[in-house]
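I opened the notebook to record what I looked up in this structure. The entries follow in the order I made them.

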Amino acid sequence: MHNIVEIKGLVKKFGEKAAVNGVDFGIREGEIFGILGPNGAGKTTTINMILGILKPTSGTIKVSGLDVSRHEEEIKNMIGFMTQETLIEADLTAVQNLELFCELYHVDKEEVSERVASALKEAGLENVADQKAGTFSGGMQRRLALVRSMMHNPMILILDEPTTGLDIQNRLEMWKRIRKLQEKGVTIILTTQYLEEADNLCNRIAIIDQGEIKAQGTPSELKSMIGKGSMLEILSDMRDAQKIADMLKSKFRISATVIGDKVSAPIIDRGIKVFNEIVNEISKAGYNVFSIGMHLPTLDDVFIKLTGSSLRDSVGENTSGNARVRMMARR
Ligand SMILES: Nc1ncnc2c1ncn2[C@@H]1O[C@H](COP(=O)(O)OP(=O)(O)OP(=O)(O)O)[C@@H](O)[C@H]1O
Ligand SMILES: [Mg+2]
């Protein structure tokens, strides 16, 4: 299959520190490719190098066969881009924001009014076309930014955390809009900290942590790294979590990961029978357990296996009681 973006040995150092540390991946024409990772993983730095905004310390990036470092203008025409901070011109109206981008990307003057009109319609902003963008809600600004990034009809669209900070309804709506662009043939590269987003929206994912790609593949390929079968998940108090993990190791030869009060372990192909035995063992030993269950492997289980920490906890997506308390304490 044809790779529209090809990245080899990409490194970016800021001083001594490598923000991106030897990254390789290829993006196929027409797919939605997700770069999934926590804060500071190197997502924006990677994207900015694809866009030519940042110069790599070493490595190569080719877009449609052209080296990014030597074909700035062509690359600019091929790629649309929505930044992490959305960066709407607050003092300009919706129409003026769109016209500005047409100018920046040298859209044919005769086509501008038609494109602006259809972008407004696309974004559902026809009624507020002449209002200042600064007065728009977060969701409206994001919609404006999305259509704005497509004013020059690029073949590739790069979205840096397109849904971070949006409520769930706006997030789902953004997914729909992104899928619609894919249906029109646009290749989409997006970064995200959200496991559900990567899982539901992306055809393929690269998991990035501390500047390195830990794994890549389709969501189901990544989950199959855990193996066939189920994950065991136990929430206990901090004191008992490690004891439970030790018990799983010694009695069941299961190697578990402990993160705070959470013990998780693959119980591949051993299913409900071993689950029952584990429950019995815990109850005999008298460990303090608040919740215990099995689930199919998720991308978070993959992330834990690869990095030893949970992406869910790092971005506050956890639904477990204690993590929620920790999240609230942080607010
Ligand atoms: N201009 C810069 N100068 C120095 N360090 C930088 C610079 N830009 C990024 N970094 C560092 O590089 C690392 C990766 O940052 P980057 O912004 O790429 O992460 P990210 O994955 O986009 O994170 P987030 O999800 O928070 O946006 C971080 O440790 C960051 O502090
Ligand atoms: Mg970023």
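Entry one, a hairpin. I started at Q210, in the hairpin that β9 and β10 form. Two residues lie between these strands, and Q210 has a positive phi near 50°. I note that this is a predicted model, and I read the angle as a computed value.

I looked up how β9 and β10 (residues 212-217) pair, and found the antiparallel sense, with five bridges. One pair I wrote down is I208 with I213, its bridge partner in β10.

Which way do β3 and β9 run relative to one another, parallel or antiparallel? They are parallel, and four bridges join β3 (residues 32-36) to β9. For G34, I looked up the bridge partner in β9, and it is I205. So far I have β9 bridged to β3 and to β10.

Is β9 mostly covered or mostly open? The strand takes in residues 204-209, and five of these six are buried, which leaves it mostly covered. For the protein overall, 36% of the 331 residues count as buried.

I looked up the secondary structure and found 13 helices and 14 strands. The C-alpha trace spans about 80 × 45 × 40 Å along its principal axes. I also checked the contacts with a separation of 6 or more: 68% of them are between residues 24 or more positions apart. The pairing of β3, residues 32-36, with β9 is the one I would look at beside that figure, with β9 at residues 204-209.

Notes:
Residues numbered from 1 in each chain as written. Chains lettered and ligands numbered in written order. Predicted model: local features only at pLDDT ≥ 70, side-chain atom pairs only at ≥ 80, totals over all residues. Buried ≥ 20, exposed ≤ 12 C-beta atoms within 10 Å, placed from the backbone. Pairing = 2+ DSSP bridges. Contact = placed C-beta atoms within 7 Å.
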